[in-house]
Amino acid sequence: MLHHTEVSRRAFLGGSAGLVVGFHVGQPGAAFAQASPLPPEVNAWVVIRPDDRVIIRIVRSEMGQGTLTGLAQLVAEELECDWAKVSTEQPTPGQNLARNRIWGNFSTGGSRGIRESQDYVRKGGATARLMLVQAAADEWKVPASECRAANSVITHLPTGRRTTYGKVADAAGRLTPPAEVPLKDPKDWKLIGQPVLRLDTKDKLTGAQVYGMDLKLPGMLNAAIKDCPVFGGKLKSFDAAAIARRPGVKKVVAVGDSAVAVVADTWWHAKTALDALPIVWDEGANATASSAAFAAVLKAGLDAPEAVAGNSNGDARAALAAAARTVEAVYAYPHQNHATMETMNATARWTPTRCEVWTPTQNGEAALAATSEASGLPAAQCEVYKINLGGGFGRRGAVHDWVRQAVAIAKELPGTPVKLIWSREEDMQHGRYHPVTMCKLKAGLDAQGNLTALHMRISGQSILAGVFPQNVRDGRDPVVFQGLNASGPEASIGYSVPNLLIDHAMRNPSVPPGFWRGVNLNQNAVYLECFIDELAHATKQDPLAFRRKLMAKHPKHLAVLEAAAKGAGWGTPAPAGVYRGLAQTMGFGSYVAACAEVSVSPEGELKIHRIVAATDPGHAVNPQQVAMQVEGSFVYGLSAALFGECTLKNGRIEQSNFDSYPVMLLKQMPKVETILMPSGGFWGGVGEPTIAVAAPAVLNAIFAATGVRIRQLPLQQQSLKKA
Amino acid sequence: MATLQVNGKPMVFEAEPDTPLLWVLREQLGLTGTKYGCGIAQCGSCTVHIDGAAVRSCAVPLAALNPNQKIVTIEGLSADGSHPVQKAWAALDVPQCGFCQSGMIMAAAALLAAKPRPTDADIDAAMSNICRCGTYNRVRAGIKQAASQA
């Protein structure tokens with residue numbers, strides 16, 4: 001029996017302070033401000049109100065990627081409810097814990113939101129439908145098999161009697177859920193696959209949407225923080241007396257052993273007082289670390305004898321030695337900051353018996369674990385309220401460093417809620433950066449220009465070693481080989497090479513790494529797709545024709561490549577002065593390809609005119625949202641390719657804000673044409689994969705335009721004047 | 001005590017003269033629709049209208065303002081989300097995370113007020129707000145749709 005118990009209802013309503021936090025999309029405050037008891041749930045995923053409103057529960061975080069709407073579509077498809085009556089709400093991590101993780105995994109990264117939960121959320125919707133129909137049949141004393149549900153209305157077919165979901169929801173919630181819950185055949189889907197508008201737009205247009213940074217609780221104070229600018233350094237001392245009389249300052253506190261925070265009435269007061277605070281750092285062992293010095297370490301790794309193989313077949317070294325001709329190139333990809341528009345922030349309230357945190361997070365459960373650890377209280381005495389995210393891109397998922405800080409500060413002011421907001425400068429210099437790597441590629445070609453051998457040596461940083469070191473076994477980080485794996489449904493290589501070796505020499509700098517939208521697919525696709533382009537040109541073959549020869553056994557990879565090429569008119573003349581470049585890869589369970597069109601002026605000024613992108617995600621829940629993800633991923637991927645670089649000097653990140661870390665602007669944005677070609681039979685992610693083909697397609701088009709081969713990113717450091 | 005005219009109403013509050021308008025709006029007046037993104041007038045998340053012009057409020061200290069200036073924030077752009085830009089944004093599903101969109105919408109509304117039929121070049125020049133989710137193409141389409149329906 002699934003009952004909405006008094007205990008869980010109370011947990012859902014939260015404390016009185018939760019009153020200002022709304023989780024009902026379009027109805028800020030409704031979930032917590034609701035004074036009357038909520039009607040019982042049909043099951044964990046579905047609540048139906050007496051007036052037929054449908055509330056679908058979503059636990060993956062919505063950070064702009066549209067997963068909230070897509071997941072609701074999946075539930076609603078099987079529920080057979082009226083889509084116009086659907087809204088959503090978010091159970092808390094504490095509720096999930098209390099109910100034995102009935103909602104499963106909260107983690108929202110790796111483009112997993114829909115593909116990893118599609119099965120059980122559809123079953124949740126189908127189960128609720130079966131229970132609603134059964135409740136109606138019980139009331140009418142007829143077999144459920146004689147009843148049909150559609151559009152939130154249940155009809156008894158022989159008599160035409162009708163009732164609505166709202167009328168039977170209470171009874172349905174008391175039934176034992178059925179054991180067998182068949183799901184619809186994809187050919188019968190009515191809502192899945194439809195480009196419905198997002199459910200969460202309205203409040204984003206009026207300023208009503210509450211992001212973590214906007215939260216206000218009664219009696220709340222504000223905090224600004226500075227962590228030691230040198231990674232691994234410590235806080236030595238600070239002179240709190242020097243700022244004690246500044247307006248609004250309440251307290252200056254050491255946070256952990258490396259940071260100091262000022263707590264004040266307003267954040268502006270806290271921030272300006274912190275700027276005036278004399279601080280002495282112990283910069284520690286990394287005080288002289290630099291990107292330039294680490295580049296030498298990476299370079300040495302390219303030829304190091306010790307490396308971990310990720311994908312190999314045949315004997316690449318022997319075949320290279322015997323090849324009629326070899327081609328070699330070295331590529332490099334820099335550190336980058338996520339630069340979410342909303343900087344890291346969390347509000348925490350700590351008492352000796354309870355700790356609550358309000359924060360934008362991609363993983364509510366991980367935020368709860370961080371809260372528990374930092375507060376010194378068991379998880380059952382903690383709660384995390386997920387607040388809307390102003391971007392995530394991986395920064396707000398694996399490591400909740402800002403949550404730990406907020407809790408540590410709140411512990412110094414028991415009972416008082418404290419909102420910690422990072423300045424942009426703090427955010428830029430204390431990120432969890434896209435890993436830095438280099439790659440040496442060496443190809444063996446026969447006399448006819450066929451690829452006979454390929455050795456791809458990646459040297460550089462492991463994300464897992466920095467974030468989840470327990471997942472690194474025998475020096476092997478499997479995520480490093482994203483898009484280069486021999487096989488598998490996640491991220492396999494699209495080429496067959498008779499003799500292949502792809503290996504990794506792990507080299508970790510002092511800069512902390514993180515999962516950054518696209519993760520390792522970003523640089524791996526640049527390395528492989530640009531080098532394949534190099535080989536095509538070196539052997540005077542058309543880059544599409546050259547790839548085709550290697551892709552016969554990879555029909556899904558090839559299909560998206562052909563579609564992107566055809567969509568852009570590959571093989572037909574481009575407009576005067578415009579040149580094309582291709583790239584394809586597979587990652588996050590989806591097959592993607594792009595064809596970019598660029599021109600480069602005689603002065604070396606680049607213009608990206610158009611990118612045609614093809615995606616096969618197996619099933620596409622909402623084509624419009626997929627198109628938005630493709631467009632958005634290109635902004636992220638092209639920002640990286642054109643501008644993105646964080647450099648280390650004297651142990652600290654040199655960039656501090658958008659003036660020193662430029663990103664793509666509207667005027668630089670090309671036209672994007674999305675070809676969505678779901679081939680069915682599998683579920684791939686769509687938030688990330690296309691990011692990885694934007695950069696190599698553009699770089700290959702630049703080569704076609706100029707003869708300049710860009711092997712080191714970002715592009716802004718390179719000259720594009722014709723070679 | 002300071003006074004500003006915000007969204008058609010006189011607002012009286014206390015803040016130091018060097019406090020940026022952004023933080024007055026957010027902290028003294030509770031108008032959190034205007035966002036902090038960079039603090040150095042680079043990203044445009046804090047864009048508001050001052051006497052009809054799009055201004056980055058993080059770089060405007062209180063001391064530079066007077067009570068006669070008409071300040072409009074996203075909360076005051078329309079009473080019910082019915083400004084042509086807001087309607088076009090809704091129809092085209094422009095926002096993703098939405099954090100930059102208050103500023104984006106205010107910049108677009110100011111552009112359309114000055115140039116009811118903006119060209120692509122006008123849009124390129126006026127819309128220098130940063131969006132990390134990548135809504136730029138829909139922002140452009142939204143401005144054109146709002147222009148066609150104004």
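In what order do the 5 strands of the open sheet of chain B stand? This tour of a predicted model begins with that sheet and then turns to the contact between the chains.

**The sheet of chain B**

Display chain B as a cartoon and follow the strands from one side to the other: the order is β2-β1-β5-β3-β4, and the pairing is mixed. Next, select residues 9–13 and 53–56 of chain B, which are β2 and β4. These two strands stand at the edges with a single partner strand each, so one side of β2(B) and one side of β4(B) have no neighbour in the sheet.

**One strand pair**

Select residues 2–6 of chain B, which form β1. Strand β1(B) runs antiparallel to β2(B), and 5 bridges join the two. For an example, select Leu4(B), whose bridge partner in β2(B) is Met11(B).

**A helix across the sheet**

**The contact with chain A**

Finally, show both chains. Here 43 residues of chain B are in contact with 45 residues of chain A. On the side of chain B that touches chain A, the elements giving two or more residues are α1 (21–28), α2 (84–92), α3 (101–114) and α5 (136–149). Select α5(B) to see the largest share of that side, 4 residues. By class, the side of chain B that touches chain A holds 18 nonpolar, 18 polar and 7 charged residues.

Notes. Residues numbered from 1 in each chain as written. Chains lettered and ligands numbered in written order. Predicted model: local features only at pLDDT ≥ 70, side-chain atom pairs only at ≥ 80, totals over all residues. Contact = placed C-beta atoms within 7 Å. Nonpolar A, V, L, I, M, F, W, Y, C, P; charged D, E, K, R; others polar. Pairing = 2+ DSSP bridges.
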